[in-house]
Amino acid sequence: MKKLVSLLVLLFLAFSMTAQERGQKKEREYRKHRVERFKDFTPEQMATLRTKRMALALDLNESQQGAILTLNTQMEEKRKHHMEERKAFRESEEKPSVEARYEKMNEMLDERLRLQQEMKQILSAEQYETWKQQDKGKRFYKHKLGWRRK
């Protein structure tokens, strides 16, 4: 009886480990597909798509769409520049110093604060709250899927 129970436990563990590996593989494939889909877009094209999605979600008027398009274009250009820096850094295989990581994180948070202040000026109070909830949901969803670097 003990042998049977231990055999069942081992089989259960083996099946759960393979299922977890399949889930991780599927997540990697999804992430790769998502990156490939938008890889060749210019920052202006990405900004336009992001602005139109925001216009649909937040019911923006024309002046708000214009202001957010400008803001999104700036963000996408910075994002593209940062992606190129990260790619070059990964190829160099150097480890960043603590000070360099701190500076990058500090810069990123300053940029998020600046974006938040500008969005608060552009959007109405209800639109801003909806935008904040959507942003929070995206961060939560990414965290739940494990998109954080490990």
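**Entry 1: ground rules**

I began with the word "buried": a residue is buried when its relative accessible area is under 20%, exposed when it is over 50%, and partly exposed in between, using a 1.4 Å probe and protein chains only. The accessible areas come from the Shrake-Rupley method with a 1.4 Å probe, and for residues only the protein chains shown count as cover.

I noted that this is a predicted model, where local features need pLDDT of at least 70, side-chain atom pairs count only at pLDDT 80 or more, and totals for chains, interfaces and linings use all residues. Residues are numbered from 1 along each chain as its sequence is written, and side-chain values use heavy atoms, with hydrogens and water left out.

**Entry 2: the overall fold**

I looked up the helices and strands, which are DSSP runs numbered from the N terminus (helices are H or I with at least four residues, strands are E with at least two). The chain has five helices and zero strands. Read along the sequence, I get the pattern α-α-α-α-α. I also checked burial for the chain: of its 150 residues, 15% are buried.

How far apart are the end C-alpha atoms of helix 2? I found 22 Å, which agrees with the 22 Å that its 16 residues should span at 1.5 Å a residue. The expected span is 1.5 Å times one less than the number of residues.

I then listed the buried residues of helix 2: Pro43, Met46, Ala47, Thr51, Met54, Ala55 and Leu58.

Just after helix 2, I came to Asp59, which takes a positive phi of about 55°. I marked this one because Asp59 is a residue other than glycine with a positive phi. Asp59 sits in the loop between helix 2 (43–58) and helix 3 (62–92). Is Asp59 buried or exposed? At 65% relative accessibility, Asp59 counts as exposed.

**Entry 3: helix 3**

I ran the length check on helix 3 too: its 31 residues should span 45 Å at 1.5 Å a residue, and the end C-alpha atoms are 45 Å apart, so the two agree. Gln64, Ile68, Leu71, Asn72, Thr73, Met75 and Glu76 are the buried residues I noted here. After helix 3 comes Glu93, and its phi is positive, near 60°.

**Entry 4: salt bridges**

Next I looked for salt bridges (a side-chain nitrogen of Lys or Arg within 4 Å of a carboxyl oxygen of Asp or Glu). How many does the structure hold? I found six salt bridges.

I took Glu76 and Arg79 to begin with; their side chains meet in a salt bridge at 2.6 Å, N to O. Both lie in helix 3, three residues apart, about one turn of the helix. A note to myself: an α-helix has 3.6 residues a turn, so residues three or four places apart point the same way. Glu76 is buried, with a relative accessible area of 6%, whereas Arg79 is partly exposed at 33%.

My next pair was Glu111 and Lys78, whose closest N and O atoms are 3.2 Å apart. Glu111 is partly exposed, with a relative accessible area of 25%, and Lys78 is partly exposed at 34%.

I also followed Arg114 and Glu118, where the salt bridge is 2.4 Å, N to O. Both residues lie in helix 4, four residues apart, about one turn of the helix. Arg114 is partly exposed at 26%, and Glu118 counts as partly exposed at 25%. Salt bridges that share partners join Lys78, Glu111, Arg114 and Glu118 into one network.

**Entry 5: surface patches**

I finished on the surface. Patches are made of residues with over 30% relative accessible area and no salt bridge; like charges are joined within 9 Å, and nonpolar side chains (Val, Leu, Ile, Met, Phe, Trp, Tyr) within 5 Å.

Which residues gather in a patch of negative charge? I found Glu99, Glu103, Glu107 and Asp110. Asp and Glu count as negative and Lys and Arg as positive, while His and the chain ends are not counted. The place of a charge is NZ of Lys, CZ of Arg, CG of Asp or CD of Glu. Asp110 is in helix 4 (residues 98–122), and Asp110 is partly exposed at 45%.

I also found a nonpolar surface patch of about 1200 Å², with Met1, Leu4, Leu7 and Phe15 among its residues. Leu7 lies in helix 1 (residues 2–38) and counts as partly exposed at 46% relative accessibility.
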